[in-house]
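Hello, and thanks for taking a look at this one with me. My comments follow as numbered points, beginning with a question about packing.

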There are 2 protein chains.
Amino acid sequence: MAQRVRLYVDQPLAAGQSLDLAADQAHYLFAVMRLTEGAQLGLFNGRDGGEWEAVVAETGKRKGRLNVLFEAAPPQPRPDLWLLFAPLKKARTDMLVEKATELGATRLQPVATDYTNAERVREDRLAAIAREAAEQSGATSVPEVSGLEKLSALLDGWDPARELWFCDEMRAEDPAVPEAPAEGPGAILIGPEGGFSPAERERLRALPFCRPVALGRRILRAETAAISALTLWLAARGFP
Amino acid sequence: MAQRVRLYVDQPLAAGQSLDLAADQAHYLFAVMRLTEGAQLGLFNGRDGGEWEAVVAETGKRKGRLNVLFEAAPPQPRPDLWLLFAPLKKARTDMLVEKATELGATRLQPVATDYTNAERVREDRLAAIAREAAEQSGATSVPEVSGLEKLSALLDGWDPARELWFCDEMRAEDPAVPEAPAEGPGAILIGPEGGFSPAERERLRALPFCRPVALGRRILRAETAAISALTLWLAARGFP
């Protein structure tokens, strides 16, 4: 079955709008997806409505133009859910960003923890992976990918109205699925493969907005823990 | 933090036992993990107790010998949970096998569905990925990786006592987390990227042991759906 081509764009979207394509977008649409003049596709920008039907008006090697026709589908809201994660190895970070985007997270925040290997985070690369995952999963918006921040600094400025699920491998012997509050913003914190330091653990446990969560009896890799925790958060709220 | 070296073996495990290593095991322990004579590691075979402490007695390029010392940790039971999945592209099938092993599935069953691309399944490769995931996730057993079977044939011979969760993307507009029965064996069925055929859907919905499950409002890739469904099944039973 041919998959519908969908493209995230930065530009405003409205009926009758004409869009000039950047070189990478033209490459994707015309070289990879083989669209020709007159072909239709879906567009979204996360701001103006949901998915817009558009038609290829001009093709080119490194450029092209689309005409926006009409709004084809309503916006698909994302729950107000952040994912804070310690950077992993490249392929596993990529997977985590892709899966968190599919599951609907609104913000992906890399954090430096006491046991994080001080790897650089390529925000632009992760943002591109999030865009692609949104395009392929029928989303009408893309989560924000933030720059690496220290966990301690994030906690200093934390809005206490945002409940933080602290996924703590060390409590694996004591599984406990939290009952999420019926509403309100949330965040999930996944540590590095080495876990959290005793000082971090102590601080997190003492924070009133922080809820330790154990994800079963087994040792999960960080990216598995992230997908499981996102799923449980969504399920606890009836999949918003 | 150095990770404890763990190895799945076929041989019986008991205190005082001596084990000759196969070439790939010797390569892994001595070339990859750099173990030397006298180094200790963990062994498990899924049958004899849990994790056994062992010591390197002889090293070699393509061989070596271990001595089994004592049982260091009790067996970690897996819930009686199967994952039936249509083969995906290589990297995504690998990911699915790794994650299902981490989450505790006991049997991984590739299925051919009406819309499955008739890809060959390399059971031996998938079994190796499952072994590695078990070694790295602290498990004391490895799920069975079965050969590709037709979904229709599997359903013909299905034990009705094993509830089958049928993860149907088409019901995504109507999310419903099932309340699992408190006990009994289970299975999760994840279709190919193209979904199930109308005939498959009709048959599955009519089967008394089959429970359609929607995993939220979003379109999830097959491997994401598998991880989410495994997580929800486990959570509904208190993470057995």
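1. **Ground rules.** This is a predicted model, in which local features need pLDDT of at least 70, side-chain atom pairs count only at pLDDT 80 or more, and totals for chains, interfaces and linings use all residues. Side-chain values use heavy atoms, without hydrogens or water, residues are numbered from 1 along each chain as its sequence is written, and chains are lettered from A and ligands numbered from 1 in the order in which they are written.

2. Contact here means heavy atoms within 4.5 Å; helices (H or I, at least four residues) and strands (E, at least two) are DSSP runs, numbered from the N terminus.

3. Buried is under 20% relative accessible area, exposed is over 50%, and partly exposed is in between, using a 1.4 Å probe and protein chains only. As a reminder, an α-helix has 3.6 residues a turn, so residues three or four places apart point the same way.

4. **Chain A overall.** You will find 6 helices and 12 strands in chain A, whose C-alpha atoms fill a box of roughly 60 × 35 × 35 Å along the principal axes. Of its 240 residues, 53% are buried. Among contacts between residues at least 6 apart in sequence, 72% join residues at least 24 apart.

5. **Confidence.** The average pLDDT of chain A (the predictor's confidence in each residue, from 0 to 100) is 91, and 92% of the residues score at least 70. Confidence is lowest in E12(A), with a mean of 88, and highest in strand E4 (residues 51–58) of chain A, at 98.

6. **The core.** Which residues have the most contacts inside the largest nonpolar core? They are A:Leu83, A:Ile188, B:Leu83 and B:Ile188, in a core of 66 residues. A nonpolar core is a set of buried Ala, Val, Leu, Ile, Met, Phe, Trp, Tyr and Cys residues joined through side-chain atoms within 4.5 Å. Leaving aside neighbours within four places in sequence, the contacts of A:Leu83 include A:Leu96, A:Leu108, A:Ile188, A:Ile190 and A:Leu230.

7. **Cysteines.** The structure holds 0 disulfides over all chains, a disulfide being a pair of cysteine sulfur atoms within 2.5 Å. For B:Cys167, the closest cysteine sulfur is that of B:Cys210, 9.4 Å away and too far for a bond. B:Cys167 is buried at 8% relative accessible area, and B:Cys210 is buried at 9%.

8. **Backbone angles worth a look.** Most residues other than glycine have a negative phi. B:Arg34, however, has a positive phi of about 60°; B:Arg34 lies in the loop between helix H1 (23–32) and strand E3 (40–44) of chain B and is exposed, at 66% relative accessible area. B:Phe239 has a positive phi near 55°. B:Phe239 sits in the segment after helix H6 (222–236) of chain B and is buried, at 4%.
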